[in-house]
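Student: I am new to this structure. Can we go through it piece by piece?

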Amino acid sequence: MAVQISMGFVAALTFGFIFRVPADQRLRCGLVGALGWGVFTAMKGSWGEVGAVFLAATVVAVLSELLARWHHQPVIVFLTPGIIPLVPGSTAYLTMLAFVQQDYAEGVVLLVTTVFLAGAVAAGIIITSSIFRNLFRAKHVGR
Amino acid sequence: MARVEDTIERMGCAAGFTQVESYATPTGLFISLHDPAGRVYTRVKRIREGRNDIATIAAVNALSRAFSAKQMGVDEVRSALEGLQQDRAPDGLARQLIGGGGALAFAVMFGGGWREAVLAGMVGALVLMVVSRLEGRFPKVLQAAAGAMVASAVITGISRIWEFNANVTILGAVMVLAPGMVMTTAIRDLLGGELVSGLSRSAEALVIAVAIAVGVAVVLSLGGV
């Protein structure tokens with residue numbers, strides 16, 4: 001568990017470099033990623049993968065919105081690297097690999113999984129961001 | 001996309017235009033500005049190539065807020081923007097080496113041990129170096145395919161002489177290319193009602209995923225693993 005959480009941290013931190021996040025915000029990105037991956041790992045057993053991804057993405061989105069308002073940065077500074085461990089890039093690749101290797105049955109299963117996982121991540125983000133936008137409409141900080 | 005449109009509308013209103021309309025897609029930008037005298041200025045800006053650069057987004061965001069709050073004049077904003085454009089130096093080696101750490105982390109997340117993690121990290125950094133060489137000169141599809149071919153070729157080569165789980169390692173290493181973020185943004189745009197932007201991003205994600213898979217599959221079939 002501790003190893004998994006620290007890998008969430010490393011992944012978000014290093015993708016902060018890949019996405020060229022401002023240097024002083026990168027550690028915070030790592031923390032967001034660690035929390036998201038920790039929630040996912042903890043809930044995967046009881047909620048199932050899609051549910052756990054949705055919950056973790058919501059946690060990541062809430063934390064990113066709060067950090068963004070706190071540090072006067074656009075939300076995506078924290079959201080993009082922080083969500084990276086949860087995003088189904090690997091299943092997208094495995095889907096296409098299965099199709100390319102003519103394993104169509106496996107490919108379809110993976111394709112549906114990919115779409116559900118990406119949908120869960122996107123739903124978590126969009127629900128959180130619309131709630132925050134309505135709560136803080138007057139201030140117009142962030143974004 | 002909504003953020004781009006927000007920024008344009010905010011800056012246009014702050015500059016004294018009565019009506020600002022903008023329409024942003026991942027491949028083009030349309031802006032029209034109505035001034036108080038009733039004249040309309042319209043610009044179309046084609047976007048041919050983008051890159052992930054959150055620092056620039058954050059800087060432009062800060063500029064647009066300062067401009068709307070009348071803390072900065074037009075000339076100051078213009079020179080600041082030009083400064084940002086010049087700052088876009090070519091990638092340092094540090095970004096690619098550190099980016100390899102992402103591949104390392106993913107290899108562990110997918111259940112790899114330390115051997116897989118270390119190898120994936122090194123190959124991931126190599127992939128980023130290859131891709132940054134090709135950036136701007138070849139289409140994104142070819143960049144992704146080339147990166148995936150290099151990754152799987154190196155890893156299959158090493159797996160001949162050293163015992164480890166090549167599949168997990170390749171999976172970790174190609175994660176630095178994988179379109180997970182594009183796909184999530186695509187679905188987010190679709191759910192948010194940004195249909196054009198959502199569909200074009202879905203297409204982008206699909207094309208990149210296919211390119212990576214083809215790159216890996218070609219090497220695997222040649223190598224006969």
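Student: Which residue in β3(B) stands opposite B:Ile31?
Tutor: This is a predicted model, in which local features need pLDDT of at least 70 and side-chain atom pairs count only at pLDDT 80 or more, while totals for chains, interfaces and linings use all residues. Residues are numbered from 1 along each chain as its sequence is written, and chains are lettered from A and ligands numbered from 1 in the order in which they are written. Strands (E, at least two residues) and helices (H or I, at least four) are DSSP runs, numbered from the N terminus. In β3(B), the residue opposite B:Ile31 is B:Arg43.

Student: How many bridges join β2(B) to β3(B)?
Tutor: Two strands pair if DSSP finds at least two bridges between them. β3 covers residues 40-46 of chain B, and β2(B) and β3(B) run antiparallel. The number of bridges joining them is seven.

Student: Which residue in the hairpin of β2(B) and β3(B) takes a positive phi?
Tutor: Five residues lie between the two strands of this hairpin. The phi in question is near 95°. The residue is B:Gly38.

Student: How many residues lie between β1(B) and β2(B) in their hairpin?
Tutor: β1 spans residues 19-25 and β2 residues 28-34 of chain B, and they pair in the antiparallel sense over seven bridges. B:Thr25 stands opposite B:Gly28, and B:Tyr23 has B:Phe30 as its bridge partner. Between the strands of the hairpin, the count is two.

Student: Why is one side of β1 and of β3 of chain B left without a neighbour in the sheet?
Tutor: The open sheet has three strands in the order β1-β2-β3, with antiparallel pairing. β1 and β3 of chain B stand at the edges, so each has a single partner strand.

Student: Which helix packs on the sheet?
Tutor: The helix touches β1 and β2 of chain B. Its direction makes about 160° with that of β1(B), where angles run from 0 to 180 degrees between N-to-C directions and axes are lines fitted to C-alpha atoms, for helices over the stretch in contact. The helix is α1(B).

Student: Are α8(B) and α9(B) roughly parallel or roughly antiparallel?
Tutor: Their axes come within 8 Å and cross at roughly 160°. Angles under 35 degrees count as roughly parallel, over 145 as roughly antiparallel, 65 to 115 as roughly perpendicular and the rest as oblique. The two helices are therefore roughly antiparallel.

Student: How far apart are the C-alpha centres of domain 1 and domain 2 of chain B?
Tutor: Domain 1 takes in 2-87 and domain 2 takes in 93-223, with bounds from an automatic or database domain assignment. Five residues from domain 1 and seven residues from domain 2 make the contact (C-beta atoms, placed from the backbone, within 7 Å). The C-alpha centres lie apart by 33 Å.

Student: Which helix gives the most to the side of chain B that touches chain A?
Tutor: In this interface, 42 residues of chain B are in contact with 40 residues of chain A. Helices that each supply at least two residues to this side of chain B include α1 (2-14), α4 (93-109) and α9 (195-223). With 10 residues, the top contributor is α4(B).

Student: How many nonpolar residues does that side of chain B have?
Tutor: Ala, Val, Leu, Ile, Met, Phe, Trp, Tyr, Cys and Pro count as nonpolar, Asp, Glu, Lys and Arg as charged, and the others, Gly among them, as polar. The side of chain B that touches chain A has eight polar and five charged residues. Its nonpolar residues number 29.

Note on methods:
Two residues are in contact if their C-beta atoms, placed from the backbone, lie within 7 Å.
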